[in-house]
Amino acid sequence: MYDFAYHKPSSVADAVALLGDSEAKALAGGQTFIPVLKQRLNKPSAVVDLAGLGLSGITVTATTVTIGASTTHVTVANSAEVKKAIPGLANLASWIGDVAVRYRGTIGGSLANNDPAACYPSAALALGATIKTNTREIAADDFFQGMFTTALEPGEIILSASFPIPEMSAYEKFRNPASRYAMVGVFVAKTASGVRVAVTGASQGGVFRHTAFETALSANFSASALDGIATPADGLNSDIHGSAAYRAHLVGVMAKRAVAAAA
Amino acid sequence: MNAPFEGIGASVRRKEDLRFISGRGHYVDDMNRPGQLHAVMKRSDRPHAKILSIDTSAALAAPGVVAVYTGTDTAALGSIPCGWQIHNKDGSPMAEPRHPMLAEGKVRHVGDILAVVIAATKQQAKDAAELLHIDLEELPAIANVADAIAPGAPVLHDAAPGNVCYDWHIGDKAGVDAAFAAAHRVITLDLTNNRLVPNAMEPRAAIGDYDSSTGDYTLYTTSQNPHVIRLLMGAFVLGLPEHKLRVVAPDVGGGFGSKIYHYAEEAIVTWSAGKLGRAIKWTADRSESFMSDAHGRDHVSTAKMAIDKDGKFLALHVDTLCNMGAYLSTFATAVPTYLYATLLAGTYTTPVIYAEVKAVFTNTVPVDAYRGAGRPEAAFLIERLVDVVAYDTGMDRVDIRRKNFIPRDAFPYQTPVALQYDSGDYFATLEAAQKTADWAGFPARRAASAAQGKLRGIGISTYLEACGIAPSKVVGSLGARAGLYEVANIRVHPTGSVTVFTGTHSHGQGHETTMAQLVVDQLGIPLANVDVVHGDTAKIPFGMGTYGSRSLAVGGSAMVKAMDKIILKGRKIAAHLLEADVGDIEFKDGKFSVAGTDRSKSFGEIALTAYVPHNYPIEELEPGLDETAFYDPKNFTFPGGCHICEVEIDPATGIPTIVNFVAVDDVGRVVNPMIVEGQVQGGIAQGIGQALYEHAAYDAHGQLISGSFMDYTMPRADNLPNITVATENTMCTHNPLGSKGCGEVGAIGSPPAVIGAIVDALKDYGVRHLNMPASPEKIWSIIQAGRPAMAAE
Ligand SMILES: Cc1cc2nc3c(=O)[nH]c(=O)nc-3n(C[C@H](O)[C@H](O)[C@H](O)COP(=O)(O)OP(=O)(O)OC[C@H]3O[C@@H](n4cnc5c(N)ncnc54)[C@H](O)[C@@H]3O)c2cc1C
């Protein structure tokens with residue numbers, strides 16, 4: 001990696017000030033950022049480590065699960081409260097990457113990065129989460145803006161994400177055999193106001209809502225409701241692990257399995 | 001007190017593991033020499049390009065930089081040599097283009113080295129490498145073998161017109177043609193053997209060191225064969241005599257073949273050390289490993305089997321195109337010829353065989369031996385072809401194998417492709433594996449899976465391989481530029497403990513334990529009193545190193561010969577002490593005794609007498625107890641066996657899961673059953689990796705697509721089933737141990753069994769073969785194509 005200054009501030013205000021330098025970058029679990037640095041693909045003037053901000057922790061109320069940005073995947077996966085309130089979310093966290101990734105990687109880093117093959121964006125979108133930053137609250141529908149692109153302004157820090165508790169939810173993932181990211185991941189959430197289905201890994205544009213599935217499932221929340229609803233392959237990823245047509249097929253398979261698991 | 005059983009046949013724990021699992025192994029990257037500098041290789045990101053200019057001035061001016069060298073600086077040095085010369089069908093020698101340590105005039109693959117930057121720190125060297133101004137003119141590039149020989153293909157080397165390295169053949173063409181003309185049926189199979197990246201856990205590393213006061217060079221390197229590196233680099237590349245060059249290969253974290261070869265980086269750091277009078281260290285990044293460690297396999301073949309109406313094999317014709325990559329790596333040329341085509345009889349009595357092999361250059365990383373080296377390619381081809389013969393004729397896969405097996409009483413068996421098998425019993429391994437895998441109960445398991453909506457299949461391979469490549473005289477006549485003997489020096493110390501100096505090299509195999517067990521067995525001393533030393537040309541007389549599962553069969557046999565000398569000398573000393581005739585002295589259980597009496601001397605007493613020769617036959621016998629033997633085997637050894645794999649496929653996704661795997665191998669005499677089991681399991685893990693996951697994918701123009709673990713799928717623990725390993729052994733008849741080798745059987749025997757199981761699971765979908773890796777998408781596509789009328793899942 002290139003040389004950079006390292007800061008570990010202990011308040012959000014200090015972190016925000018340090019990130020005021022447009023060349024400075026925030027560091028959370030480092031699972032994405034450190035490999036990028038090692039490959040010299042990024043040359044920050046300073047790295048601002050968020051670990052000292054006290055942003056980890058899970059709060060569950062009757063209606064909402066709020067997860068601090070620095071909370072690791074393994075903490076979410078093992079949380080009895082999350083398992084009870086939103087089992088699909090705990091399950092999603094439990095098979096992100098591998099053990100090392102789950103012990104270091106954080107929800108804030110995952111949402112901020114918005115990797116088109118990451119898992120959390122699908123949960124945030126399907127559950128209609130709200131992402132809280134140092135300046136505002138952003139609805140998931142507005143937050144994800146295409147691959148590796150979010151509504152975050154330069155220097156803006158995610159503090160937490162709040163997930164409304166649904167009636168039912170589940171996540172199913174076809175893992176990329178090499179990286180174990182989602183080649184296709186589908187999060188299904190059933191709430192009083194309807195069903196939301198978010199798909200990650202499949203599309204060149206990153207996470208998206210599958211409205212055809214949502215309509216069908218809102219009418220009849222069962223796997224068979226998805227029979228015959230094809231997912232267009234246009235705009236889906238195609239690589240050595242799977243063609244767009246295969247991914248389109250897998251979207252249906254994963255969605256049905258998620259519905260079956262949720263119900 | 002009863003001594004614990006630690007000799008041949010004991011599953012003693014590995015002596016070396018404490019240092020490995022407690023982080024106290026000593027690898028090249030752990031070493032640092034006084035005044036050491038760091039080298040960074042500037043590698044080409046273009047597959048094929050003309051070097052117009054390299055401006056090094058800005059890099060040279062960067063902080064900490066001591067030197068920058070390019071191909072212009074090393075053009076007068078030797079070419080990185082190829083160790084085996086193959087001859088074309090017409091008798092002319094193969095094309096052997098220059099393989100420069102730093103690219104000269106052109107780069108020929110992504111990863112080819114354009115320049116080396118040497119600086120006080122690695123960081124400074126990396127920074128400076130970015131300041132090199134390199135002007136390249138891109139040339140059209142090719143990555144696969146078919147494109148390489150297409151008319152008008154871009155040519156990599158002027159010395160290899162049409163990109164052909166050699167066009168070689170073996171066997172009886174006329175005999176095969178005649179048998180085909182008369183046959184009841186000829187069955188054809190086109191298949192590929194996928195290209196693999198070895199991915200040893202420890203990346204390659206090298207430190208070159210130079211002592212200007214003596215003129216001595218030392219190379220510390222991640223090698224499987226330090227003496228071979230000393231010879232290749234010293235004599236052929238740098239012109240350094242052996243007595244001025246020491247090569248040390250300390251703990252090495254896996255090789256799988258990829259650390260056999262002499263690599264450019266070794267020559268670069270050694271040569272630069274001499275130029276600068278400083279030690280120079282280089283350690284590969286993982287991305288560098290992907291684009292510079294020799295890859296494995298990469299064959300495209302057409303195989304044809306002629307059969308009679310009962311399914312008896314009459315003749316085999318094989319046509320193979322193999323990828324050498326951009327340059328010839330050390331043993332690249334031997335792998336698809338003498339380690340492949342000579343194995344094409346497999347376990348069968350096929351009376352006539354003809355094979356043609358064309359090796360071609362492409363704009364890819366050089367390809368060389370990788371765990372199994374030629375034999376996995378042969379086993380995959382034969383075993384898949386036998387399955388396809390069964391499929392096309394409707395015969396049973398096992399029946400057709402039994403019908404064509406070389407009979408138990410036919411050994412030694414001369415194949416039509418040069419090799420003579422000394423021993424084997426293919427019926428025994430087959431029957432034991434079928435029993436353990438409950439072959440007979442498979443239909444019920446298949447039905448149970450079907451009831452769950454899953455497709456279940458079972459696959460079998462009854463493979464054969466050859467280890468301990470030898471004898472020197474024969475391999476020399478076939479083009480090898482080295483001998484293939486092995487060397488052992490047994491040093492008995494005055495109090496009777498023993499240090500073994502072996503020319504083989506252990507990089508995970510457990511030689512420090514297995515070889516010590518040979519000493520326990522033969523000299524009757526406890527395991528704790530034996531140490532095995534390897535990996536240093538200054539300590540070990542000579543050696544050819546470790547590959548081709550040769551260490552025990554060849555290196556262990558050299559130890560036996562050296563210990564025979566120790567015992568003979570010990571008997572002479574004992575005869576003197578016991579005032580008896582040498583002929584009456586017998587050696588057993590660590591004691592020299594006068595036959596038929598209770599008069600004896602312990603091994604320790606004899607050792608002490610040898611070094612404190614007060615009462616000693618000094619006129620006839622030199623003091624000391626230290627013997628060396630060079631052992632040149634009479635033949636290869638021929639392990640073989642039966643692997644059975646059972647898979648279950650999820651038809652909705654195409655994901656295959658291996659639900660059971662049984663291996664029954666014939667590895668000859670087993671010294672440490674636990675280590676054999678571990679070796680076989682590891683080999684099978686790699687075989688499953690090749691069959692289901694691994695693929696070094698290039699795009700058509702030479703960019704390596706799977707150049708990191710984010711895209712190159714390694715098998716992981718949760719991809720693997722419980723693997724049941726057993727042996728049914730026949731002894732090697734020509735080495736003193738009877739051992740054959742176990743390091744590669746797993747990687748050789750397993751891929752056809754895995755693919756056989758998947759094809760069997762898909763048998764209702766009209767598929768007779770599937771190329772590796774059998775990815776979920778490939779499997780799903782077959783299922784989709786097989787039932788277009790049904791609704792999508
Ligand atoms: C081998 C491997 C497999 C993986 N598999 C999966 C998978 O299956 N599913 C999955 O979802 N993910 C996967 N990941 C990614 C992993 O989940 C990481 O958690 C994620 O990439 C980033 O989180 P992090 O905490 O490591 O962030 P970092 O790598 O530290 O940071 C990532 C980016 O986010 C920014 N950032 C971090 N925190 C904040 C914040 N609070 N506010 C604003 N910006 C911030 C950083 O500046 C940086 O740009 C995998 C990663 C690896 C290495």
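The centres of domain 1 and domain 2 of chain A, taken over C-alpha atoms, are 34 Å apart. Domain 1 covers residues 1-54 and domain 2 covers residues 168-262. These bounds come from an automatic or database domain assignment. The model is predicted: local features need pLDDT of at least 70, side-chain atom pairs count only at pLDDT 80 or more, and totals for chains, interfaces and linings use all residues. Residues are numbered from 1 along each chain as its sequence is written, chains are lettered from A and ligands numbered from 1 in the order in which they are written, and side-chain values use heavy atoms, without hydrogens and water.

**The ligand**

Where does the ligand lie relative to domain 1 and domain 2 of chain A? It lies between them, because both domains give residues to the shell around it. There are 31 residues around the ligand. A residue counts as near if one of its heavy atoms lies within 4 Å. A:Ala26, A:Gly30, A:Thr32, A:Thr106 and A:Cys119 come nearest.

The shell divides into 14 nonpolar, 13 polar and four charged residues. Here Ala, Val, Leu, Ile, Met, Phe, Trp, Tyr, Cys and Pro count as nonpolar, Asp, Glu, Lys and Arg as charged, and the others, Gly among them, as polar. Strand β2 (24-27) and helix α7 (107-113) of chain A each supply at least two shell residues. The largest share, five residues, comes from α7(A). Helices (H or I, at least four residues) and strands (E, at least two) are DSSP runs, numbered from the N terminus.

For A:Ala26, a backbone N or O atom lies 2.5 Å from a ligand oxygen. For A:Gly29, the distance is 2.8 Å. A polar backbone atom of A:Gly30 is 2.7 Å from a ligand oxygen. On its own, the ligand has 960 Å² of accessible area, and the protein covers 92% of this. Such areas come from the Shrake-Rupley method with a 1.4 Å probe; for residues, only the protein chains shown count as cover.

**Salt bridges**

Side chains of opposite charge can pair when their charged atoms come close. A salt bridge is a side-chain nitrogen of Lys or Arg within 4 Å of a carboxyl oxygen of Asp or Glu. Over all chains, the count comes to 56. Three of them are listed here.

| Salt bridge | N to O distance |
|---|---|
| A:Glu214 and A:Arg209 | 2.9 Å |
| B:Arg375 and B:Glu744 | 2.6 Å |
| B:Arg384 and B:Asp387 | 2.9 Å |

Are the partners buried (under 20% relative accessible area), exposed (over 50%) or partly exposed (in between; 1.4 Å probe, protein chains only)? A:Glu214 is buried at 5%. A:Arg209 is partly exposed at 30%. B:Arg375 and B:Glu744 are both buried. B:Arg384 is buried at 1%, and B:Asp387 is buried at 7%.

The pair B:Arg375 and B:Glu744 links distant parts of the chain, 369 residues apart. B:Arg375 sits in helix α10 (residues 375-393) of chain B, while B:Glu744 sits in the loop between β28 (723-727) and α19 (745-761). B:Arg384 and B:Asp387 are also in helix α10 of chain B. They are three residues apart, so about one helical turn separates them. Elsewhere in chain B, a network of salt bridges links B:Arg43, B:Arg204, B:Glu265, B:Glu288 and B:Asp293.

**A glycine in a loop**

B:Gly311 is in the loop between β13 (299-307) and β14 (313-325) of chain B. B:Gly311 is buried, with a relative accessible area of 0%. B:Ile268 is 43 residues away along the chain, and the two C-alpha atoms are separated by 56 Å.

Key: Polar contact = N/O pair within 3.5 Å; in protein donor to acceptor, adjacent residues only side chain to side chain.
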